[in-house]
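Me: I'd like to go through a protein model with you, one question at a time. Could you take a look and keep it simple?

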Amino acid sequence: MLHWENIDQLHAFRLLDITPTISSFHESPMEIQYEIDGKTFHRYPDLLVKSYEYKEVWEIKKWSDMTDGMSITNIEAFKSQLLKMGYSWRTVDPKSLTLQPKKQNTIALLRYGVNPIGIVEKEKALRYLERHGTISWGELKSGLIGPQGPKIICRLVIEGYIYFDINQVWSNKTIFQWRKSFLEPLREERL
């Protein structure tokens, strides 16, 4: 279980939870020490985010709050130390985590798709989508692929097998589509 220090971190955790390219994330992961002109500085990032292609430390703050009191030299020294450790640095504006309908869709995906599904349910849904290409939320709710259809499809979205536009309002007309290639389209979907 993760501990979130503020509501902004909670929003980040939810978004990371539904992003298939993210392999892990950790709150308050480390202390980073770096030097400028012989003086030691310490920084404690909010998150460590690991994907299948990169490792980042995140600070969830407005850029103006992040850089308040920090010189460009200080920021560059911090980023340089991170690079030596194999990480990049990302500042995440809290407002970007609460944009609608993305926030609402994230919560819905987690509500329906939080639990793992069995291999039989997974294969049944994937075979349907392989034949038909898409399925709408209305069709799922009507039981087209069974009573657990919404839960199965949402879980497959979280796992990266199925795609839908998280930035569009979720309705009975929302289309879920099968990914023919698991990782290729995901690389374009950085948070």
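Me: Are Phe-13 and Phe-25 buried or exposed?

Reply: Keep in mind that this is a predicted model. The cut-off for buried is under 20% relative accessible area. Both Phe-13 and Phe-25 fall in that class, so the word you want is buried.

Me: How are the planes of the rings of Phe-13 and Phe-25 placed: stacked, edge-to-face or tilted?

Reply: A pair of aromatic rings is described by the distance of the centres and the angle of the planes. The structure holds 10 aromatic pairs. For Phe-13 and Phe-25, the centres are 5.6 Å apart and the planes meet at 35°. Planes under 30 degrees apart count as stacked and over 60 as edge-to-face, so this pair is tilted.

Me: Which parts does the pair of Phe-13 and Phe-25 tie together?

Reply: These two residues are 12 apart in sequence.

Me: What is the angle between the planes of Phe-78 and Trp-89?

Reply: Phe-78 sits in helix α3 and Trp-89 in strand β6, 11 residues apart. Phe-78 is buried, and Trp-89 is buried too. Their rings are 5.2 Å apart, centre to centre, and form an edge-to-face pair, with an angle of 90°.

Me: Which residue has its charged end over the ring of Phe-78?

Reply: Here we're looking for a charge over a ring. The charged end in question is 5.1 Å from the centre of the Phe-78 ring, and it belongs to Arg-43.

Me: Is Thr-19 buried or exposed?

Reply: Thr-19 is in the loop between α1 and β1. In space, its C-alpha is 7.7 Å from that of Gly-160, although the two are 141 residues apart in sequence. The relative accessibility of Thr-19 is 11%, and the cut-off is under 20%, so Thr-19 counts as buried.

Me: Which helix has the lowest confidence in the protein chain?

Reply: The mean pLDDT of the chain is 88, and 90% of its residues reach 70 or more. Over residues 183–188, though, the pLDDT is below 50. Where pLDDT is low, the predicted coordinates should not be read in detail. Among the helices, α6 has the highest confidence, with a mean of 97, while the lowest, at a mean of 67, is in helix α2.

Key:
Residues are numbered from 1 along each chain as its sequence is written. This is a predicted model: local features need pLDDT of at least 70, side-chain atom pairs count only at pLDDT 80 or more; totals for chains, interfaces and linings use all residues. Side-chain values use heavy atoms; hydrogens and water are left out. Helices (H or I, at least four residues) and strands (E, at least two) are DSSP runs, numbered from the N terminus. Buried means under 20% relative accessible area, exposed over 50%, partly exposed in between (1.4 Å probe, protein chains only). pLDDT is the predictor's confidence in each residue, from 0 to 100. Contact means heavy atoms within 4.5 Å. Rings of Phe, Tyr and Trp (its six-membered ring) pair if their centres lie within 6.5 Å; planes under 30 degrees apart count as stacked, over 60 as edge-to-face and the rest as tilted. A charge sits over a ring if NZ of Lys or CZ of Arg is within 6 Å of the ring centre and within 35 degrees of the ring normal.
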